[in-house]
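Biologist: I have a model open and want to learn to read it. Where do we begin?

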Amino acid sequence: MSQKIDFCGETGRCQILIDESMSQLSAYLAGQEIIIITDDNVNRLYSQLFTPAGDVIILQSGEGTKTLLTVESIYRQLLRVSADRSTFILGIGGGVVSDITGFVASTFMRGLRFGFVPTTLLAQVDAAIGGKNGVNLDGYKNMIGVVNQPDFVLIDFSFLKTLPAKELVNGFSEIIKCAAITSRDLFELLEKESERALRLDNDLLRRIVDETVRIKTAIVSLDEKDMGQRKKLNFGHTFAHALEKAYRITHGEAVSLGMILAANLSVKKNMLAEAEASRIRKLLQKFNLPISMKVDCDKRDRIVEPVRQDKKKSGQMIDFVLLKSIGEASVERLSFSEVEEAIDDLCES
Ligand SMILES: NC(=O)c1ccc[n+]([C@@H]2O[C@H](COP(=O)([O-])OP(=O)(O)OC[C@H]3O[C@@H](n4cnc5c(N)ncnc54)[C@H](O)[C@@H]3O)[C@@H](O)[C@H]2O)c1
Ligand SMILES: [Zn+2]
């Protein structure tokens with residue numbers, strides 16, 4: 001049985017359909033003409049599911065596609081197929097596809113209606129949820145964008161069967177993040193059922209994804225435009241972004257290391273018990289996520305530098321998400337040297 005979450009934000013109302021089948025799509029479209037945006041991988045695997053539904057615009061897969069150039073080329077393709085204000089745009093793919101689709105649909109002809117069918121676990125629990133859409137500019141992530149809710153997000157777990165293991169684990173990294181900042185129950189469920197989760201047991205996935213989506217929508221509804229509360233969702237991310245720039249590691253791996261760093265810092269500041277930090281490390285390991293890494297001396301500065309830049313933005317102190325316990329996060333102001341020390345502790349040289 002599918003579950004429905006009705007998210008009602010300042011920027012619109014969105015139905016999130018969890019464990020719904022793609023075959024039910026037409027029930028949510030109300031007979032509109034649709035244009036699908038997807039990427040080449042998803043198209044190769046699933047085109048038989050959606051070509052009968054409407055015109056398909058196929059993007060090259062990968063983060064490099066998230067540019068204004070791609071957006072412009074999609075606008076032109078929409079003109080070519082005579083899209084008008086009544087056209088519905090459907091993004092079927094991972095977070096790259098949903099971020100671009102939401103931005104294109106929100107801006108073409110000052111806004112068309114749109115929806116998402118997220119096909120990666122990360123997009124199902126994170127990228128497609130919350131209404132942020134946009135593209136990168138000159139290597140700066142998500143610099144150009146809008147906050148605007150899709151009409152619906154249809155989450156069908158059967159897409160995950162073809163997802164490479166690394167991509168799957170990216171999604172679990174964000175799920176563990178949500179559990180660590182707000183839900184001890186979800187954290188305990190993940191501890192008990194990691195193997196079943198990695199095997200994509202449908203009933204378990206429904207529970208996990210439902211809970212994670214509820215956590216994200218609850219935080220977003222407190223702070224849709226990202227003024228404060230939403231910062232908690234950045235748990236592990238300050239350091240993750242720095243790591244991703246210096247090393248060829250996935251976002252999920254970087255977030256895992258970022259969470260370890262934040263947990264260690266929380267222990268150092270006597271906010272979190274060491275036993276809790278240890279549980280976080282063990283859970284990440286169960287999901288095949290890294291908990292330490294070798295850092296070459298020359299790259300150390302490249303990791304510290306973005307954190308230093310962060311400091312410049314907000315004076316002497318850095319806003320950092322720390323934990324009081326598993327399930328409770330708090331945004332704290334830290335000095336640059338405290339963060340730098342924690343980076344050195346985590347990195348084996
Ligand atoms: N808007 C937000 O709030 C938000 C939040 C988190 C992340 N994001 C963005 O999301 C993006 C990352 O999303 P992602 O991790 O889904 O990456 P992605 O969209 O690049 O997808 C990862 C890879 O999996 C492939 N793929 C997708 N579905 C598949 C399937 N079912 N089977 C096999 N392969 C499949 C894709 O072609 C791609 O190669 C980033 O650009 C990030 O900035 C946005
Ligand atoms: Zn993330």
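**Strands, then helices**

Modeller: Strand β2 (residues 12–18) pairs with β9 in the parallel sense, over 4 bridges. Two strands pair if DSSP finds at least two bridges between them. Strands (E, at least two residues) and helices (H or I, at least four) are DSSP runs, numbered from the N terminus. This is a predicted model: local features need pLDDT of at least 70, side-chain atom pairs count only at pLDDT 80 or more, and totals for chains, interfaces and linings use all residues. Residues are numbered from 1 along each chain as its sequence is written, while chains are lettered from A and ligands numbered from 1 in the order in which they are written.

Biologist: Which residue of β9 is the bridge partner of I16?

Modeller: V153. Strand β6 (residues 113–118) also pairs with β9 in the parallel sense, over 2 bridges. There, G115 stands opposite F152.

Biologist: Are the β9 side chains buried or exposed?

Modeller: A residue is buried if 20 or more other C-beta atoms, placed from the backbone, lie within 10 Å of its own, exposed if 12 or fewer, and partly exposed in between. In β9 (residues 152–155), F152 and L154 point one way and V153 and I155 the other, and all are buried.

Biologist: How do I read two packed helices?

Modeller: Use the angle between their axes and the distance between the axes. Axes are lines fitted to C-alpha atoms, for helices over the stretch in contact, and angles run from 0 to 180 degrees between N-to-C directions. Here α5 (residues 165–182) and α7 (residues 202–222) have axes that come within 10 Å and cross at roughly 60°.
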